[in-house]
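Here is a short report on one protein model. Look at the structure first, then read on.

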Amino acid sequence: MQVENHKEEVPFSYYTNLYRHVTPAEIVQRLSFVTWDGAAFHLTLLDRAFVLSWPEYAIAVLDGGAVPSLPVQTFLLRLLLEGTDVPPDGTWKTFREMPWGEL
């Protein structure tokens with residue numbers, strides 16, 4: 001496949017490759033809002049419910065809306081691969097205060 005959009009397609013391809021090799025139990029243990037049904041991950045982000053099949057990546061949107069753009073799909077993959085729960089402490093946090101906010 002000829003890559004046309006290096007800004008979106010290359011990162012998406014990179015993370016889908018990593019996604020194939022992830023352990024579902026590790027993701028569910030690390031992210032309390034993600035469930036695993038034996039074939040796909042289920043999660044809700046900004047009031048939209050998504051199902052991401054595994055090991056071959058495919059996305060479904062449960063609200064009947066449009067499939068998100070590649071940058072949003074890349075974000076969802078990165079969330080599953082690298083994300084961690086941040087326990088609530090009753091205060092507002094800025095992005096920079098989050099563990100990954102220094103990026």
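Glu56 and Arg20 form a salt bridge, with their closest N and O atoms 3.4 Å apart. Glu56 sits in the loop between strand S3 (48-53) and strand S4 (58-61), while Arg20 belongs to helix H1 (residues 9-20), so this pair ties together parts that are 36 residues apart in sequence. Arg20 is partly exposed, at 35% relative accessibility. Keep in mind that the model is predicted.

Side chains of opposite charge can pair when their charged atoms come close. How many salt bridges does the structure hold? It holds five. Three of them, including the pair above, are listed here.

| Pair | Closest N and O atoms |
|---|---|
| Glu56 and Arg20 | 3.4 Å |
| Arg48 and Asp63 | 2.9 Å |
| Lys93 and Asp89 | 3.2 Å |

Take Arg48 and Asp63, which form a salt bridge at 2.9 Å. This pair also links distant parts of the chain. Arg48 is in strand S3, and Asp63 is in the loop between S4 and helix H3 (70-82). Are they buried, exposed or partly exposed? Arg48 is partly exposed, with a relative accessible area of 23%. Asp63 is partly exposed too, at 43% relative accessibility.

Now turn to Lys93 and Asp89, whose closest N and O atoms are 3.2 Å apart. Lys93 has a relative accessible area of 40%, so it counts as partly exposed. Asp89 has 47%, which makes it partly exposed. The cut-off explains this: a residue counts as exposed only over 50%, and as buried only under 20%.

Next comes the sheet. Strands of a sheet pair through backbone hydrogen bonds, either parallel or antiparallel. Which way does the pairing run here, parallel or antiparallel? The pairing is antiparallel, and four strands form an open sheet in the order S1-S2-S3-S4. Strand S1 (35-36) and S4 stand at the edges. Each has a single partner strand, so one side of each is left without a neighbour in the sheet.

Strand S2 (residues 40-45) and S3 run antiparallel and are joined by six bridges. His42 has Val51 in S3 as its bridge partner.

What lies across S2, S3 and S4? Helix H3 does, running at about 110° to S2.

Note on methods: Residues are numbered from 1 along each chain as its sequence is written. This is a predicted model: local features need pLDDT of at least 70, side-chain atom pairs count only at pLDDT 80 or more; totals for chains, interfaces and linings use all residues. Side-chain values use heavy atoms; hydrogens and water are left out. A salt bridge is a side-chain nitrogen of Lys or Arg within 4 Å of a carboxyl oxygen of Asp or Glu. Helices (H or I, at least four residues) and strands (E, at least two) are DSSP runs, numbered from the N terminus. Buried means under 20% relative accessible area, exposed over 50%, partly exposed in between (1.4 Å probe, protein chains only). Two strands pair if DSSP finds at least two bridges between them. Contact means heavy atoms within 4.5 Å. Axes are lines fitted to C-alpha atoms, for helices over the stretch in contact, and angles run from 0 to 180 degrees between N-to-C directions.
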